[in-house]
Amino acid sequence: MLVASPDGENESIQLRQQIWITQLNITPESAQHIKLKGKNAYLQSIRGGATLQAENGETIEMSCNDGVFIQNENALTLSSSKSMRALLIDLGA
């Protein structure tokens, strides 16, 4: 669910910067593929953990309350053996 964006798309809060904030809910049944608007982002786990896989093949295991700064990536894949709730802050171009 998109929480905030530069132009208020999908009824999100309008920001006056090139930043998109998305609330993610990852379930154990399915991985979520996320296309980034820019090449840099920050992912903050709010509840639960997940496996983050970048397009370059790098894999990071996240636990509850972990944060990861993502650089030079166009897309991510998140999967979890348990439910995960997170915020993705996409820093745009």
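Predicted model: local features only at pLDDT ≥ 70, side-chain atom pairs only at ≥ 80, totals over all residues.

Let me start with strand β10, residues 84-90. One face of β10 is covered and carries M84, A86, L88 and D90; the uncovered face carries R85, L87 and I89.

Now, which strands does β10 pair with? On one hand there is β3, residues 20-26, joined to β10 by 7 bridges. The two strands run antiparallel, and N25 stands opposite R85 in β10. There is also β5, residues 41-47, which is joined to β10 by 6 bridges and again runs antiparallel to it. In that pairing, A41 stands opposite D90, and Q44 stands opposite L87. In general, the strands of a sheet pair through backbone hydrogen bonds, either parallel or antiparallel.

Next, the whole sheet. It is open and has 6 strands, in the order β2-β1-β3-β10-β5-β8, with mixed pairing. β2 (13-14) and β8 (67-70) stand at the edges with a single partner strand each, so one side of each has no neighbour in the sheet.

Is Q23 buried or exposed? Its relative accessibility is 19%, and the cut-off for buried is under 20%, so Q23 counts as buried. Leaving aside residues up to four places away in sequence, Q23 touches M1 and V3, and also R85, A86 and L87.

Technical notes:
Residues numbered from 1 in each chain as written. Heavy atoms only, no water. Buried < 20%, exposed > 50% of the residue type's maximum accessible area, 1.4 Å probe, protein only. Helix = DSSP H or I, 4+ residues; strand = E, 2+ residues; numbered from the N terminus. Pairing = 2+ DSSP bridges. Contact = heavy atoms within 4.5 Å.
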